[in-house]
Amino acid sequence: QDLGLVGRSSILIKGLSNRLGIPWSLSREWAPIARRVLAENSGTDSKGSSSVAQKKEGKIRMRDVVTMLKQWGRGKASRAVTRLPSPIRTRVAAYALKLQKRREAREDRLKK
């Protein structure tokens, strides 16, 4: 829903700017903000360079993409769970606790 609203708004603004002869691009408007957010979340400076990126000449590493997708997925899942009805939320929390206990038990076995 949120992206649908953004899409509709950008189309409306693009149409108005086109009709008035004013060049406007959503990507150009959001690029500095997106770079800043990505830099804050990936440990790079505002120009997009980090120690790892400088070593690899600015190439994006697959593991960084996977890490970011996992973070995004966790955020979406937690938001989805908070919107569930209380009885279902309780069951999901119990299942998550069960999985956490399994992970801890597995880690304990591997340490021994």
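This is a predicted model: local features need pLDDT of at least 70, side-chain atom pairs count only at pLDDT 80 or more; totals for chains, interfaces and linings use all residues.
## Overall fold

The protein has five helices and zero strands. From the N terminus on, the order of elements is α-α-α-α-α.

The chain holds 112 residues, of which 8% count as buried. The protein exposes about 10,400 Å². Carbon and sulfur atoms supply 58% of that area.

## Ser25 in the α1–α2 loop

Helix α1 spans residues 2-20 and helix α2 spans residues 26-42. Ser25 is found in the loop between them.

Is Ser25 buried or exposed? Ser25 counts as buried because its relative accessibility is 14%, and the cut-off for buried is under 20%. The side chain of Ser25 also makes a polar contact. The partner is the side chain of Ser27, at 2.9 Å.

## A nonpolar surface patch

Which residues form the nonpolar patch on the surface? They are Ile60, Met62, Val65, Val66, Leu69 and Trp72. Together they have about 650 Å² of accessible area.

Leu69 is one of these patch residues. Leu69 lies in helix α4, which covers residues 62-82. Its relative accessible area is 51%. Leu69 is therefore exposed, as the cut-off for that class is over 50%.

## The second largest pocket

The second largest pocket holds about 450 Å³ of space. Its lining includes Leu3, Ile33, Ala34, Val37, Leu38 and Asn41. Met68, Gln71, Trp72, Gly75, Lys76 and Arg79 also line this pocket.

Which helix gives the largest share of the lining? Helix α4 does, with six residues. Both α2 and α4 supply at least two residues each.

Trp72 links two of these topics. Trp72 belongs to the nonpolar surface patch, and Trp72 also lines the second largest pocket.

Conventions: Residues are numbered from 1 along each chain as its sequence is written. Side-chain values use heavy atoms; hydrogens and water are left out. Helices (H or I, at least four residues) and strands (E, at least two) are DSSP runs, numbered from the N terminus. Buried means under 20% relative accessible area, exposed over 50%, partly exposed in between (1.4 Å probe, protein chains only). A polar contact is a pair of N or O atoms within 3.5 Å; within protein, one must be able to donate a hydrogen and the other to accept it, and residues adjacent in sequence count only if both atoms are side-chain atoms. Patches are made of residues with over 30% relative accessible area and no salt bridge: like charges are joined within 9 Å, nonpolar side chains (Val, Leu, Ile, Met, Phe, Trp, Tyr) within 5 Å. Accessible areas come from the Shrake-Rupley method with a 1.4 Å probe; for residues, only the protein chains shown count as cover. A salt bridge is a side-chain nitrogen of Lys or Arg within 4 Å of a carboxyl oxygen of Asp or Glu. On a 1 Å grid over the protein atoms alone, a cavity is a set of points where a 1.4 Å probe fits but cannot get out, and a pocket is an open set with protein on both sides within 12 Å along at least five of seven lines; lining residues have an atom within 4 Å of a point. Grid points are joined across faces, edges and corners, and a volume is the space filled by probe spheres set on the points.
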